[in-house]
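Please work through the questions below with the model at hand.

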Amino acid sequence: MANKQRLGQSRRPAAGRLLLPALLLCWCCRAAPERLRYVIPEELDRGSLVGPLARDLGLSPAELPARKLRLSAAKQYFTVSGENGNLYVSEKLDREEMCGKSASCSVSFEALVHNPLNVFLVDVAIQDVNDNSPRFPQDSFQLEINEFTSPGARFALDMAEDADVGSNSLQGYKLEDNKYFAVEVKESKDKRKFAELVLLRALDREQEQSLRLVLTAVDGGAPPRSGTAQLCINVTDANDNAPLFAQERYRVSLRENAPPGSMVLNVSASDADAGSNARITYGFGKMSAKVPQKFAIDAESGRITLQEALDFEDTRGYALLVEARDGGGLLTHCEVEVEVLDVNDNAPEITVLSVSSPVPEDAPAGTVVAVLNVKDPDSGENGQVWCELSGEAPLSLVELSGGSYKVVTASTLDREQASEYRVAVVARDRGSPALSSSTALVLEVSDVNDNAPVFEEAAYSTYVVENNVAGALVLHVSARDADVGSNGHVSYSLEGGSAGSAPYVSVEARTGAVYAQRSFDYEQCREFAVVVRAQDGGEPARSSTATVRVFVLDRNDNAPRVLWPAVAGEGADPGLAPAAVPFEVVPRSAEAGYLVAKVVAVDADAGRNAWLSYELVQASEPALFRVGLHSGEVRTARAVSEKDAAKQRLVAVVKDHGQPALSATATLQVVLAESLQEALPELSKRSAGTDSAAELQFSLVLALALLSALFLLSVALAVLARGRRGGPPAMLRCLGVQRFSGTGAGAAFPSDFCEGTLPYSYNLCVAPGRAVAETAWPPPPPLPSLSAEKLLRVEPCGERSLSSSTVAGKPLADPDVPQVCKPALQSLSRVFPFDLLKG
């Protein structure tokens, strides 16, 4: 005992050294399919342990929930525990029912594990148990033996059947002790044992007409089992020649697709006797019940025919026991061996063991998506199978052992190109003709947020008429995301834009509708741009942007504004006298076309809404004056006559071309006189209520104007006389009518002024060295200076502005209101209180 312990201790280190490489080898080969084998006896009770499957696969109990160990088989003979991974019997196994007479019996199935997906082949061998006793086809046998039968004659007896195999199968026969007969055990070519009754001594019918003996069949089990049958032997009169077959054993081959009724073989036997003892009839001996169902024999001719279709996959050969009996009752036997030839009559069978669907579109190439098994019950080339995938899909088929295959991705997937793949797994054998089968495999591809939203247009533009309602729809932006679910759900927001554009609009997050936040004013803002961002709901989110440009269209919402002549009372200081009304002096010698004045007006709108036209709507002498339709110039329509009243009042209307048109009026006072001296009596006719201070002031103004006019006239005549040879001097050139210049410090007009809204200005020419006291004149109408941006709310087209003068020592009433002063000589002499003109 001590020696054994020392021997065991000496072997342990060596065993440890051998165990480590074996474990490393198993770990390295884990990727390849493995085959496990267990051996159990039949007839185990349900729930009996087969083996530690999980442990043999290298799985610990903690890994079992995640790896999802399960079995795949057509019939579930076994089950695996989800707690410890042991393999148990799920139902009582009968080896004879499962495998019949086969020497070996096993059940094969696949064990599947997930995360990662792998398949293992498991074989469970079923060992035979001596649970079946030998059985004879019938309980008693009838034999008729002639009394002249010679000792040594042999008689075939019915074969006993034992469902067990190996040592548990039928091993021999025993016969009840007697003096006439003995039994010998024979073995057929297919290793089956049968008994032959041997006559030991001659029979004497007169002594014994019949014998009853017990025949026992014994198997080799421990303890052995046995079965019995009774032999009833009748002794008959002499028939001393038994039939003889031409061959003791016949061999024939038959294709499994032979139709029923086909002839298998024709056996023949002869008998040396004569008469009824030589008449031979044929029949089958005692065989399993399956053989008489498949074959039939003609009793007269010995012709064997096929009754039912053969199946190579069920039975590959048959052994027929044919007997020939003469009229005297003598029997003889022969064996007919029928070999069934395989025909390619079975298409491959495809079994899908597992499918991993859906597969994320970012799964790497080589990901296992399905495991399947292919079998063909035929043999030889008829049972050799090859598989392929049919259909357009980035998948490939990888062969495993044992007829198993795995389907893997051949390249990366893209759900936006294909949300699912439908392929057919086609299996073909190598028979002639080849047979094939197929099964559909549907693989769904799950979405990954790999696409950003894309706008239908990179830049949007729209036109909105000013004075729109706050909250009105401006336009819709739309972006599409090729992903699905939350990855394809698009929301919109404002990202930014041109300066000051954010408060103008807002975007609806769900629909992409852009709404106006307030009413637009063309005169304040003609266009603006915003950036809209579209973002999906993926994790992480993806987004893109688009620019939206909004162009504001003009509406005719501004009436023309008359700059000259100034409207009475406009901009006047309430503490001062009534506002002055401009007037013009026209000589009575003026001919038709004489320029009296120019009505100057502006319109803050643009385009047709700012195109102005002028019309004379009221005049003391309607036929005396006319106004230019587009220039606003007031001219005489005919020559002035002595009959015309000295004082004329003209009212002109200024209209734009909008729809509907807006208008304004301008009033101009005209005095018909050759000079200021002549006009003074008319101007002095004022109302009795005028105070003396005002009359004095008016007289001073007239006197100063008269002196200035005379001085300027003398200077002009001198310059004309001097400049005859060299052309008109520069001083006289200033008396001409010209375009408005932009050098003045007054109002700067918008782009419309450049196109003829203010086509003319009047320049004042003063002789050098002579100055006029400005404080002696009444102040001009207070029209404060206003820039074109504030006047029209738009950018000016240039640097041009209307010349203006400011009363010295007195600031303008409002710097934000335009102020216009006539710089011409006549303008300085024509600004008077309106009530003076009425007098």
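This is a predicted model: local features need pLDDT of at least 70, side-chain atom pairs count only at pLDDT 80 or more; totals for chains, interfaces and linings use all residues.

Q: Is F625 buried or exposed?
A: The relative accessibility of F625 is 3%. Because buried means under 20% relative accessible area, this value decides the class of F625, which is buried.

Q: Which residues does F625 touch, not counting residues up to four places away in sequence?
A: One of the residues touched by F625 is V596, which lies 29 residues away in sequence, with a C-alpha to C-alpha distance of 8.8 Å. With neighbours up to four places away set aside, the residues that F625 touches are V596, L616, V634, R635, T636, A637, Q648, L650, V670 and L672.

Q: How many residues has the largest nonpolar core, and which have the most contacts inside it?
A: At least two residues of this core come from each of β16 (249–255), β17 (263–266), β19 (281–284), β20 (295–297), β21 (303–306), β22 (317–325) and β23 (331–341). Apart from it lies another core, of 27 residues, with F136, L143, L199 and L213 among them. In soluble globular proteins, nonpolar side chains tend to be buried together. The largest core has 28 residues, and those with the most contacts inside it are V267, F295, I304, L320 and V336.

Q: Which residues is F295 in contact with, leaving aside its neighbours within four places in sequence?
A: F295 is among the residues with the most contacts inside the largest nonpolar core, and its partners are listed here by heavy atoms within 4.5 Å. They are V264, F284, I304, T305, L306, Q307, L310, Y318, L320 and V338.

Q: How many residues of strand β29 are buried?
A: Strand β29 (residues 404–409) pairs in the antiparallel sense with strand β26 (residues 368–375) over 5 bridges, and V368 has V408 as its bridge partner. Strand β28 (residues 395–399) is also joined to β29 by 5 bridges and runs antiparallel to it, with V398 opposite K406. Strand β29 is mostly covered, the buried count among its 6 residues being 5.

Q: Which residue takes a positive phi in the hairpin of β28 and β29?
A: This hairpin has 4 residues between the strands. The positive phi lies near 70° and belongs to G402.

Q: What is the order of the open sheet of 3 strands?
A: The edge strands, each pairing on one side only, are β34 (473–476) and β37 (505–507). β34 pairs with strand β38 (residues 513–516) in the antiparallel sense over 3 bridges, and L473 has Y515 as its bridge partner. Neighbouring strands of this sheet are turned by 20° against each other on average, direction ignored. The pairing is antiparallel and the order is β34-β38-β37.

Technical notes: Residues are numbered from 1 along each chain as its sequence is written. Side-chain values use heavy atoms; hydrogens and water are left out. A nonpolar core is a set of buried Ala, Val, Leu, Ile, Met, Phe, Trp, Tyr and Cys residues joined through side-chain atoms within 4.5 Å. Buried means under 20% relative accessible area, exposed over 50%, partly exposed in between (1.4 Å probe, protein chains only). Two strands pair if DSSP finds at least two bridges between them. Axes are lines fitted to C-alpha atoms, for helices over the stretch in contact, and angles run from 0 to 180 degrees between N-to-C directions.
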